[in-house]
Amino acid sequence: MSQVFPGTRVVHPIEQESFRRLRARLDTSHFPPLTRAVVERVIHSAADLEYADDLVTDEDALRRAHAALHAGAPVVADVEMVAAGITRRSAVCRLKDAKSGPGLTRSAHAVRLAYEEVGPGALWVIGCAPTALEELLRLDTRPALVIGLPVGFVGAAESKAALRESGLPAVSNVSEKGGSAVAAAALNALLYHPVPQADQASKTDRADPAPTTAEATSAAKETS
């Protein structure tokens, strides 16, 4: 039987069994909630338990990013494969519009174009090109979060180390591995994680209150 996930997402029985086996082989209970969600979904996407020790996260940064994401902050992906892997939310990807030039890769130019479109406060998901992450670090993007998980033998580990040194709110990993699937999975973990009850109540409190009987009667007279 399929399980209904918070936010009306229906989880397929195969996925349920996959997570059951993951948790049987790896104890993730010591991680704080959002870190655990990210670690488990990244591991699930790659079938690679080593990510439990390879990922670098910060729970406070994830909490703020989670709030921004569910408040409607834009999401930017470095390549279409990352954008395609993100569910329940469209992602900006400007790689098709980008052009390479002297000292500038298409991926780096795509980051510039995307920033011109979304401005500060976005969640950036980089799973392919180290040069995209390097360009992001050169710009003053003021992100809500950078998921920096590019893969490769040239520049990937170095760009992720630079991300950690930047002090930006981030999810990264130490090794050269990464990729589109794991980067999208990290973002999806935040999308699927339920919004705290207090936040939901706060949103309700901020909504326009229902009119009183007297106000409704007055409004009806004015429009009659």
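1. Of the 224 residues in the chain, buried ones make up 44%. Buried means under 20% relative accessible area, exposed over 50%, and partly exposed in between, with a 1.4 Å probe and protein chains only. This is a predicted model, in which local features need pLDDT of at least 70 and side-chain atom pairs count only at pLDDT 80 or more, while totals for chains, interfaces and linings use all residues. Residues are numbered from 1 along each chain as its sequence is written, and side-chain values use heavy atoms, without hydrogens and water.

2. pLDDT is the predictor's confidence in each residue, from 0 to 100. The chain averages 87, and 83% of the residues score at least 70. Over residues 1–6 the pLDDT is below 50, yet this stretch has 20 contacts in the model beyond near neighbours in sequence. Contact means heavy atoms within 4.5 Å. Residues 201–224 also stay under 50, and the model gives them 2 contacts beyond four places in sequence. Where pLDDT is low, the predicted coordinates should not be read in detail.

3. Next, the overall build. The chain has 11 helices and 7 strands. These are DSSP runs numbered from the N terminus: helices are H or I with at least four residues, strands E with at least two. Among contacts with a separation of 6 or more, 57% join residues 24 or more positions apart.

4. Now the core. A nonpolar core is a set of buried Ala, Val, Leu, Ile, Met, Phe, Trp, Tyr and Cys residues joined through side-chain atoms within 4.5 Å. The largest one has 43 residues, and Leu123, Ile147, Leu187 and Leu190 have the most contacts inside it. Helix 9 (residues 180–192) gives this core its largest share, 9 residues. Apart from it lies another core, of 16 residues, including Val76 and Ile126. Leaving aside neighbours within four places in sequence, Ile147 is in contact with residues including Trp124, Val171 and Leu187.

5. Which residues line the largest cavity? They are Val76, Ala77, Asp78, Arg94, Ala110, Val111, Ala114, Trp124 and Ile126. Strand 4 (75–77), helix 6 (106–118) and strand 5 (123–126) each give two or more residues to this lining. Helix 6 gives the most, with 3 residues. The lining divides into 7 nonpolar, no polar and 2 charged residues. About 40 Å³ of space lies in this cavity. A cavity is a set of points, on a 1 Å grid over the protein atoms alone, where a 1.4 Å probe fits but cannot get out; lining residues have an atom within 4 Å of a point.

6. Is Ser180 buried or exposed? Ser180 counts as buried because its relative accessible area is 13%. This residue lies in helix 9. Not counting residues up to four places away in sequence, Ser180 touches Val79, Met81, Val82, Gly127 and Cys128.

7. Compare Pro33, in helix 2 (residues 33–46). Pro33 has a relative accessible area of 54%, so it counts as exposed. Beyond neighbours within four places in sequence, Pro33 is in contact with Glu59 and His193. Pro33 and His193 are 160 residues apart along the chain, but their C-alpha atoms are separated by 8.9 Å.

8. Last, Val154. This residue sits in the loop between strand 6 (145–148) and helix 8 (156–166). Val154 counts as exposed because its relative accessibility is 75%. Val154 and Glu176 are 22 residues apart in sequence and 8.4 Å apart in space, C-alpha to C-alpha.

Terms used. On a 1 Å grid over the protein atoms alone, a cavity is a set of points where a 1.4 Å probe fits but cannot get out, and a pocket is an open set with protein on both sides within 12 Å along at least five of seven lines; lining residues have an atom within 4 Å of a point. Grid points are joined across faces, edges and corners, and a volume is the space filled by probe spheres set on the points. Ala, Val, Leu, Ile, Met, Phe, Trp, Tyr, Cys and Pro count as nonpolar, Asp, Glu, Lys and Arg as charged, and the others, Gly among them, as polar.
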